[in-house]
Amino acid sequence: MRYIIMHVCSLIGGVVVASEYFETGRATTKGDVYSYGVVLLELLTGKRPTDESFLENGTRLVTWVKETMEEKREEHAVDGALASFPAEEVKFVFTVAEKCLESDPRDRPTMVQVAKMLEQAKLA
């Protein structure tokens with residue numbers, strides 16, 4: 001059961017938490033990075049982690065987006081409200097979100113690194 005939970009983004013009291021929270025019961029900065037990645041996905045897709053379409057299909061926002069990215073079909077996940085933004089910039093933010101959502105907390109960037117990535121994209 002522990003390994004099933006490890007890769008699942010869950011909601012506790014309406015707050016998104018990283019799956020490792022269930023193992024340790026402690027909030028961490030790397031867990032915050034995971035949560036930030038989920039927020040980025042919400043902004044990019046216009047969908048909430050609790051969207052009924054995910055529940056009906058037995059999936060989650062994070063899983064759905066990761067599968068879409070593996071298939072190189074990010075454009076299918078993008079909220080139509082972002083249509084006026086350059087596709088390269090939107091794809092870059094998906095990449096940042098993906099890094100924030102790494103299963104192993106040690107592989108996630110720090111929030112400082114995330115901020116630098118997003119700032120560099122803004123300057124490019």
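Predicted model: local features only at pLDDT ≥ 70, side-chain atom pairs only at ≥ 80, totals over all residues.

Biologist: Fine. Leaving aside neighbours within four places in sequence, what is T68 in contact with?

Modeller: T68 is in contact with R73, E74 and A77, once its neighbours within four places in sequence are left aside.

Biologist: Where is T68 found? And is T68 buried or exposed?

Modeller: T68 is found in helix α5, residues 61–70. T68 is buried, because its relative accessible area is 4% and buried means under 20%.

Biologist: Now K72. Where is that one?

Modeller: K72 is in the loop between α5 and α6, the latter spanning 87–100. K72 is exposed, with a relative accessible area of 63%.

Biologist: What about the phi of K72?

Modeller: Phi of K72 is near 60°, a positive value in a residue other than glycine. Most residues other than glycine have a negative phi.

Biologist: Switching topic. Which residues in the largest nonpolar core touch the most other members?

Modeller: The core has 21 residues, and L41, V62, V65, F94, V96, L101 and V114 touch the most other members.

Biologist: Which elements give two or more residues to this core?

Modeller: Those are α3 (29–45), α5, α6 and α7 (111–123). α3 gives the most, with six residues.

Biologist: Take L101. What does L101 touch, not counting residues up to four places away in sequence?

Modeller: On that count, L101 touches Y34, G37, V38, L41, V62, K66 and R108. Among them, L41 and V62 are also in the group that touches the most other core members.

Note on methods. Residues numbered from 1 in each chain as written. Heavy atoms only, no water. Helix = DSSP H or I, 4+ residues; strand = E, 2+ residues; numbered from the N terminus. Buried < 20%, exposed > 50% of the residue type's maximum accessible area, 1.4 Å probe, protein only. Contact = heavy atoms within 4.5 Å. Core = buried A, V, L, I, M, F, W, Y, C linked by side-chain atoms within 4.5 Å.
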